[in-house]
Amino acid sequence: MQQWLRREWARVALLCVLAILCLLVAQAPYEHSGRLVVSLLNVGQGESLFIQTPSGRQVLIDGGPDASVLEELGVVMPLGDRTIDLVVLTHAHSDHVSGLVHVLDRYAASGILETGAPYTTKVYSAWRDAVANEGVTTIQALPGRRITLDKDTTLTVIAPNSARAIAEKNPNNASVVLMLQHGAVRMLLTGDMEAPVEQRLLSQGADVDADILKVGHQGSRTSTTLPFLMQVSPRIGVMSVGAGNTYGHPHRVVTERLANLGIPYYRTDVDGRITIESDGTSFAVRAHK
């Protein structure tokens with residue numbers, strides 16, 4: 001009997017050690033390795049992007065169409081972490097804001113970045129209530145506003161200006177457009193902005209040159225025009241797309257445009273979550289199917 005008990009205790013102890021090792025391995029990718037990690041989350045037909053800086057600061061840009069963002073955050077964030085330094089809402093459409101309502105219910109945000117443009121839907125009202133309940137500092141997205149996230153890591157607002165965001169009838173064209181820069185590596189985050197905004201940025205001489213392009217509006221034909229794409233001149237493109245979506249995203253015109261310019265691209269409906277890691281000089285891309 002005693003020998004059996006000893007064997008059982010040894011088995012339990014071994015299982016405990018293995019469980020601890022598994023937790024340590026699970027945590028290992030999230031240690032502060034000195035690299036920027038950007039994850040385009042696989043949230044279906046919508047968009048959500050998570051940034052972790054070399055020192056561990058975290059930014060969530062949009063939340064996708066539903067609570068699936070919570071499962072994705074559970075993978076890319078350290079176990080038990082319930083805080084996010086900055087939450088960004090690019091615009092008020094439900095495929096970007098709905099998931100953020102769930103996020104603020106589970107996570108504490110230290111800051112919110114948005115345009116503040118009015119929009120009258122139930123889900124946007126729920127977002128406004130969630131922000132008010134959070135009691136968090138809200139930063140208005142204004143062109144040229146730069147947020148220092150970390151040493152050598154910044155987010156700079158490219159568009160829109162506040163008056164245009166308020167007057168814009170199409171929320172896509174009131175999207176917050178951001179340049180994420182880590183060292184020499186730049187990533188342009190376009191929200192759902194469409195051709196008129198792309199043209200306006202080009203006419204204004206906006207600095208949109210980037211190594212990585214987050215392709216606009218889930219690859220819709222209304223975005224990623226040829227002149228804009230040539231000005232950005234990205235080395236790769238990434239896009240959030242829902243499998244079997246009824247919109248026809250990404251549109252063949254956009255994918256052909258990328259291919260004709262020799263720009264490889266990744267898409268969440270095919271590649272799953274897409275992770276970009278950078279040391280500030282170069283970057284690497286991984287797909288998590």
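S223 is buried, with a relative accessible area of 0%; buried means under 20% relative accessible area, exposed over 50% and partly exposed in between, using a 1.4 Å probe and protein chains only. This is a predicted model, in which local features need pLDDT of at least 70 and side-chain atom pairs count only at pLDDT 80 or more, while totals for chains, interfaces and linings use all residues. Residues are numbered from 1 along each chain as its sequence is written, and side-chain values use heavy atoms, with hydrogens and water left out.

S223 sits in the loop between β13 (212-214) and α7 (226-232). Helices (H or I, at least four residues) and strands (E, at least two) are DSSP runs, numbered from the N terminus. A polar atom of the S223 side chain lies 2.7 Å from the backbone oxygen of M193. Not counting residues up to four places away in sequence, S223 touches D192, M193, E194, A195, E198, G216, H217, V254 and R257; contact means heavy atoms within 4.5 Å.

A second residue, L86, belongs to strand β5 (residues 86-88). The table sets the two residues side by side.

| Residue | Relative accessible area | Place |

With neighbours within four places in sequence left aside, L86 is in contact with Q58, V59, L60, G111, I112, L113, I139, I147 and L155. L86 and S110 are 24 residues apart in sequence, and their C-alpha atoms are 5.9 Å apart in space.

Two packed helices are described by the angle between their axes and the distance between the axes. The axes of helix α3 (residues 94-106) and helix α4 (residues 122-134) come within 9 Å and cross at roughly 35 degrees. Axes are lines fitted to C-alpha atoms, for helices over the stretch in contact, and angles run from 0 to 180 degrees between N-to-C directions. On the α3 side, S94, V97, S98, L100, V101 and L104 meet V123, A126, W127, A130, V131 and E134 of α4. The residues of this contact divide into 9 nonpolar, 2 polar and 1 charged. Here Ala, Val, Leu, Ile, Met, Phe, Trp, Tyr, Cys and Pro count as nonpolar, Asp, Glu, Lys and Arg as charged, and the others, Gly among them, as polar.

The protein chain as a whole has 9 helices and 17 strands. Of its 289 residues, 49% count as buried. Among contacts in the protein chain with a separation of 6 or more, 64% are between residues 24 or more positions apart.

Notes: Polar contact = N/O pair within 3.5 Å; in protein donor to acceptor, adjacent residues only side chain to side chain.
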